[in-house]
Amino acid sequence: MEDVLAVYARGHDPARPVVCMDEKPYQLLAHARDPIPATPGRDLQQDSEYVRHGTCSIFCWVEPLGGWRRVDAQPRRTKLDWAGQVQRLLTVDYPEADKVVLVMDNLNTHTIASLYEAFDPATAFALAQRLEIHHTPKHGSWLNIAEIELSALSRQCLDRRIADLDTLNAELTAWQQATNANQRQVDWHFTTDDARTRLRHLYTKN
């Protein structure tokens, strides 16, 4: 926990940006019957029955101090999918950064080994050399700013049925562009001193 909090205490450094990532599963759902549009004095009406069109995974990348986000839905969340997302992060989003300081959870796909499964050894090594990885502790996902952003995204963008991946990605892109245009930064207040005071029951006592 203190390792992640120390990362969040760093100042903004374009050469070593701090980026948080998280992912969430999402069900693609269609209406079984067409909804009845809203009219003056009456809300939209939709049947409780729906049609499942499978699931996908939404990847979320956030630079808290840069006011930048990228969200992307993929059919799966395999090691290869995560590796492809990291390659994009390093070569498209932050090609000039010396290193990207990456905060994420300990999901089994979130490892350097995934890069070696996806790419040839030279490419995987080059990508790995540009990462400084910090994992949130078990049961400490609340420390991941990307998880907080996914919660906001769910409330603001995913509060209705979306039937297919293309439509979902169009909605995600619209949210991403609007949010990035505002350059809304994340002002993280919970510090190491706060943790040692408020969560002292988690520390080992000698």
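Since the model is predicted, local features need pLDDT of at least 70 and side-chain atom pairs count only at pLDDT 80 or more, whereas totals for chains, interfaces and linings use all residues.

Let me start with the overall layout. The protein chain holds seven helices and five strands, where helices (H or I, at least four residues) and strands (E, at least two) are DSSP runs, numbered from the N terminus. Read from the N terminus on, the order of the elements is α-β-β-β-α-β-α-α-β-α-α-α. The C-alpha trace spans about 60 × 45 × 35 Å along its principal axes. Of the 206 residues, 40% count as buried, and here buried means under 20% relative accessible area, exposed means over 50%, and partly exposed lies in between, with a 1.4 Å probe and protein chains only. Among contacts between residues at least 6 apart in sequence, 73% join residues at least 24 apart, a contact being heavy atoms within 4.5 Å.

Now to the interior. A nonpolar core is a set of buried Ala, Val, Leu, Ile, Met, Phe, Trp, Tyr and Cys residues joined through side-chain atoms within 4.5 Å. The largest such core has 31 residues, and those with the most contacts inside it are Tyr-26, Ile-58, Leu-153, Leu-158, Leu-168 and Leu-172. Two or more residues each come from α1 (2–8), β1 (18–31), β2 (50–63), β3, β4, α5 and α6, and α5 gives the most, with five residues. If we take Leu-158 and leave aside its neighbours within four places in sequence, we find Leu-158 in contact with Tyr-26, Ile-58, Leu-153, Leu-168 and Leu-172. There is also a second, separate core of 21 residues, which includes Leu-89, Leu-90, Ala-128 and Leu-131.

Next, the aromatic rings. How many aromatic pairs does a search of the whole structure find? The search finds three, counting rings of Phe, Tyr and Trp (its six-membered ring) whose centres lie within 6.5 Å, with planes under 30 degrees apart called stacked, over 60 edge-to-face and the rest tilted. One of them joins Trp-68 and Tyr-94, and because the ring centres are 5.3 Å apart with the planes at 80°, the pair is edge-to-face. Trp-68 lies in strand β3 (residues 68–74), while Tyr-94 sits in the loop between α2 (79–93) and β4 (100–104), so this pair ties together parts that are 26 residues apart in sequence. Tyr-94 counts as buried, at 11% relative accessibility.

Another pair is formed by Trp-142 and Phe-190, whose ring centres are 5.6 Å apart and whose planes stand at 80°, so this pair is edge-to-face as well. Here Trp-142 belongs to the loop between β5 (131–135) and α5 (145–157), and Phe-190 to the loop between α6 (165–182) and α7 (192–198), so the parts tied together are 48 residues apart in sequence. Trp-142 is partly exposed, with a relative accessible area of 38%, whereas Phe-190 is buried, at 16%.

Apart from neighbours within four places in sequence, Ala-195 is in contact with Met-1, Leu-5, Phe-190, Arg-200 and Tyr-203.

On a 1 Å grid over the protein atoms alone, a cavity is a set of points where a 1.4 Å probe fits but cannot get out, and a pocket is an open set with protein on both sides within 12 Å along at least five of seven lines, while lining residues have an atom within 4 Å of a point. The largest pocket has a volume of about 150 Å³, and its lining includes Val-7, Tyr-8, Val-18, Pro-64 and Trp-188. The structure holds one cavity of 30 Å³ or more, and about 40 Å³ of space lies in the largest cavity. Among the residues lining that cavity are Gly-11, His-12, Val-18, Pro-64 and Leu-65. A volume, for both, is the space filled by probe spheres set on the points, which are joined across faces, edges and corners.

Note on methods. Residues are numbered from 1 along each chain as its sequence is written. Side-chain values use heavy atoms; hydrogens and water are left out.
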